[in-house]
Amino acid sequence: MSITKTTHEARLIANSMRHDIITMVSKAKSGHPGGSLSCTDILATLFFTGVMSYDENDPSSPERDLLIISKGHAAPALYAAFHQLGWVRDDELGTLRQLGTRLQGHPDRNALPGVEVCSGSLGQGLSIAAGAALGFLADAPEGVRPRHVFCVCGDGEMQEGSNWEALMFAPNHGLSNLTMFLDLNNLQIDGDVRKVNSLGDVDAKLAAFGWHVIHTDGHDIERLHAAVEDALAFSAAPTAIVCDTVKGKGVSFMENEAGWHGKAPNEEETALALADLDAERVQIEKEA
Amino acid sequence: MAKRATREAFGETLVELANEGVNVCAVDADLAGSTTTNKLQKAYPDRFVDVGIAEQDMIGVASGLALTGLIPFTASFAVFGVGRCYDQIRNTVCDSNLNVKVCPTHAGITVGEDGATHEMLEDIGMMRALPNMRVLVPADYRAAKAAIRIAATTPGPVYVRMGRHKVPEVYDEYFVGGLPYAGVLREGTDVTILACGVEVAQSLAAADILAKSGISAEVIDVFSVKPLAEDVILASAEKTGRVVTVEEHMVSTGMGSAVAALLAEKRPTPMRFVGMGSFGTSAPGDVLLEHFGLDGAGIARQVEEFVRA
């Protein structure tokens with residue numbers, strides 16, 4: 001069954017995931033640390049606070065909820081969660097992006113069990129998630145909780161028009177078993193999302209499209225957990241959890257820097273990043 | 001014999017498959033009447049989804065439905081149902097190797113009066129380039145029924161190219177096709193005409209005209225463009241020593257270029273490519289076939305030039 005940890009334990013797991021992300025990307029000498037670190041707490045909440053249904057012993061278990069990572073460049077965050085579950089081995093972390101690896105540069109369902117669909121071309125995940133939610137909703141017998149579909153979208157990615165097709169579709173079909181996370185870190189490759197092509201008042205836009213909107217701190221696992229519980233209980237519409245996040249969260253020199261979207265830290269920077277995360281870990285442990 | 005469009009087989013065959021207990025469903029983008037998926041909608045309302053005018057969402061939703069175990073068929077006109085959502089077909093359907101069937105109608109210049117924007121001429125090339133995708137181009141109503149059945153029972157992505165133009169029937173009700181499949185419809189000794197879709201009936205008409213000029217043309221229906229029925233094509237090329245391909249598609253990337261690649265590697269054979277090299281234009285489908293040299297007379301003229309050269 002899925003793993004249920006306390007908030008404190010989940011925070012420690014998120015810290016370990018960030019450690020893995022830096023280690024993987026550093027070793028690969030390429031990859032996307034910024035957007036992986038910004039959605040780490042979202043994934044930690046889903047996998048380790050008992051809100052998503054899955055079998056820790058079988059990534060392909062038939063009755064599992066689905067998780068679609070629409071912002072596929074955050075693959076290292078997904079692999080870090082899988083590592084915590086034992087679905088990715090310790091000795092695989094160093095293989096990210098290398099020939100023959102299961103840890104492809106963007107998630108590949110053919111390579112790694114647990115990856116539901118290939119992603120990386122932005123703006124496609126939400127439609128897939130909506131289609132799956134529709135199928136599960138139609139399948140669920142009366143009175144039985146339908147399988148839920150979670151989808152993690154980036155904010156820059158919302159500039160893709162296809163997302164807005166899906167945003168119209170899901171409420172129109174009453175897909176209450178669909179929850180999207182919007183990882184609102186305000187940065188894309190070319191800079192500030194609000195300057196490049198602003199999403200404007202995205203909460204109001206999502207609500208106007210018919211979504212149940214929850215706005216929360218995307219790094220506060222307790223609040224994220226509560227938001228997902230709220231989404232799971234809401235039966236009238238799909239839920240959008242809009243998460244205020246920090247790109248590069250947890251690594252001081254990466255935080256809020258667009259330059260760390262798709263760049264690997266060198267050896268010296270890696271040591272500094274891991275030191276930051278170690279210091280954070282000590283702090284979390286103190287708060288026990 | 002009655003003329004029917006290949007699209008007329010689409011919704012009807014989906015209903016038959018659903019009746020037989022096959023887990024098919026259709027995802028359309030506001031063209032259910034034209035694509036004929038509305039027949040499935042009427043018979044099985046819960047097996048039909050209309051996403052509205054949103055082809056990218058259509059492919060994504062179908063992909064999600066495939067993840068739940070259904071066998072989704074996407075519809076729309078070929079120009080939108082392929083061109084507008086190529087990235088979704090490539091990166092979601094084909095890279096993930098999902099059980100999604102991309103089955104647009106209204107392909108080729110025979111769409112007719114709607115003109116160039118609606119006449120898809122590049123889809124075979126786009127689809128045959130994709131790993132995991134199979135490409136079927138049925139020649140008539142019966143062949144289209146067979147193609148939809150093959151798509152439903154073949155795991156993974158399948159593309160079926162259908163049209164709105166009413167074409168003479170080539171096959172009887174026992175036609176089942178295959179993957180791969182190419183059928184010798186008329187035997188000949190001087191030249192092989194390989195045709196697909198609408199152009200199969202036109203090529204049979206061309207063979208009649210050529211016979212009067214003393215040219216014996218073998219006509220083969222290339223039902224599956226990918227994979228090609230290599231043995232059938234190679235045997236005919238060996239026999240006649242000349243190959244002409246005919247399609248209402250760009251010659252640069254279509255069935256003919258797939259055949260050329262096969263022959264160049266395995267049995268180099270002089271070839272002529274009959275097809276499109278420009279955008280289409282507005283006119284009734286029959287008029288366009290004649291205008292672009294894709295009717296029986298036009299094909300016969302080009303084949304004769306090639307044979308006599």
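In this predicted model, chain B contains 13 helices and 14 strands. Its radius of gyration is 18 Å, close to the 19 Å given by the globule rule for 309 residues, so chain B is as compact as a globular protein of that length. Along the principal axes, the C-alpha atoms of chain B fill a box of roughly 55 × 40 × 35 Å. Buried residues account for 61% of the 309 residues. Of the contacts in chain B with a separation of 6 or more, 79% involve residues 24 or more positions apart.

Chain A comprises 10 helices and seven strands. The radius of gyration of chain A is 18 Å, close to the 19 Å that the globule rule gives for 288 residues, so chain A is as compact as a globular protein of that length. Its C-alpha trace spans about 55 × 45 × 40 Å along the principal axes. In chain A, 55% of the 288 residues are buried. Among contacts between residues at least 6 apart in sequence, 77% join residues at least 24 apart.

Two helices of chain A pack against each other. Helix 1 of chain A spans residues 7–28, and helix 10 of chain A spans residues 267–286. Their axes lie 10 Å apart, at an angle of about 175 degrees. An angle over 145 degrees counts as roughly antiparallel; helix 1 and helix 10 of chain A are therefore roughly antiparallel to each other. Helix 1 of chain A contributes residues including A:Leu12, A:His19 and A:Ile22 to the contact. Those from helix 10 of chain A include A:Leu274, A:Leu277 and A:Glu280. By class, this contact has six nonpolar, four polar and four charged residues.

Notes
Residues numbered from 1 in each chain as written. Chains lettered and ligands numbered in written order. Predicted model: local features only at pLDDT ≥ 70, side-chain atom pairs only at ≥ 80, totals over all residues. Helix = DSSP H or I, 4+ residues; strand = E, 2+ residues; numbered from the N terminus. Rg over C-alpha atoms; globule rule 2.2 N^0.38 Å. Buried ≥ 20, exposed ≤ 12 C-beta atoms within 10 Å, placed from the backbone. Contact = placed C-beta atoms within 7 Å. Axes fitted to C-alpha atoms, helices over the stretch in contact; angles between N-to-C directions. Parallel < 35°, antiparallel > 145°, perpendicular 65-115°, else oblique. Nonpolar A, V, L, I, M, F, W, Y, C, P; charged D, E, K, R; others polar.
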